[in-house]
Amino acid sequence: MARQTDTGSKITWHRYEELRPEQLREIVQSRPIAFWPLGLLEHHGWHMPIGFDGIKADRFCVQLAQRVGGVILPVMWWGGSGGHGPFMWTHYQPEEASRAIVAQTVRQLIRFGFKVIVLPFGHYPWDTVLAPVWGEIEQEAKAHGVLLLTGDEGTIGRPAVKFRGDHAAKEETSFGLALLPEFVDQSLLVDGRDPKDHWPDGDDSPAKSIYPGVCADARKACFSQLGVDARQATAEHGWARLDPVLDELIRRIQAHLTGPA
Ligand SMILES: [Zn+2]
């Protein structure tokens, strides 16, 4: 079903999987923009959902689609790589499998006629997962006149806008409070849980295999976070980071679609 912006403008956008073939054809002819949120199921602290990266990337795409139209593909949930492999509820997949699915799908989108393809990396290590094939995909996109925009919140607007995110800490939680506030609960950020309830197999602490800097102590409020304490996160901080990125991407998408063919 077509969704309208809440600003009353005429821009509509769609969910790819809900469209019939001729509707897709019409969109490719009028607004050939495809968004594909790349997420993951991964522990994101006591205060955020397991699907945080995917929901965040999807909501980021919605922000863009409301202003330029186009279609949003279903979240790519099956990724890998990062510092949370041993955590409960985290599903890392073989990197080569995730990479192959993304590369093939992007090639198909190019072949189907999309002229702008936006892939926000809700899970930051998508960057390294895709690196071995990305040079080739970029060449193909260029040869077909396709603008390919990729990166996490802090890099997708580069070089004009650039900053560093974190994991489930102040930065990412602020993006959550901005984009998906109904899924974030900072009141859960308290000490005192029993670690045995929160590791697979009741293991007290497989901390040795955990990425340096990630809080691996389930007794603590900061469990799973990497960065400044998430209790300092605010929606205002999230929007202050995100708004310039969204503006920059809109500018580039519009310039690409209205520029010389
Ligand atoms: Zn994340």
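How many residues does H2 have, and how far does this helix reach from its first C-alpha to its last? In this predicted model, local features need pLDDT of at least 70 and side-chain atom pairs count only at pLDDT 80 or more, while totals for chains, interfaces and linings use all residues. Residues are numbered from 1 along each chain as its sequence is written. Helices (DSSP runs of H or I, at least four residues) and strands (runs of E, at least two) are numbered from the N terminus.

H2 has 17 residues and reaches 24 Å, close to the 24 Å expected at 1.5 Å a residue; the expected span is 1.5 Å times one less than the number of residues. Among its buried residues are Phe52, Ile55, Phe60, Cys61 and Leu64, where buried means that 20 or more other C-beta atoms, placed from the backbone, lie within 10 Å of a residue's own. Their cover includes S3, S4, H5 and H6. Just after H2, Gly69 takes a positive phi of about 80°.

Beyond its neighbours within four places in sequence, Phe114 is in contact (C-beta atoms placed from the backbone, within 7 Å) with Val28, Pro32, Ile33, Ala34, Leu109 and Val146.

Turning to a loop, Ala168 lies between strand S6 (147–151) and H5. Ala168 counts as buried because it has 28 C-beta neighbours inside 10 Å.

Key
Contact = placed C-beta atoms within 7 Å. Buried ≥ 20, exposed ≤ 12 C-beta atoms within 10 Å, placed from the backbone.
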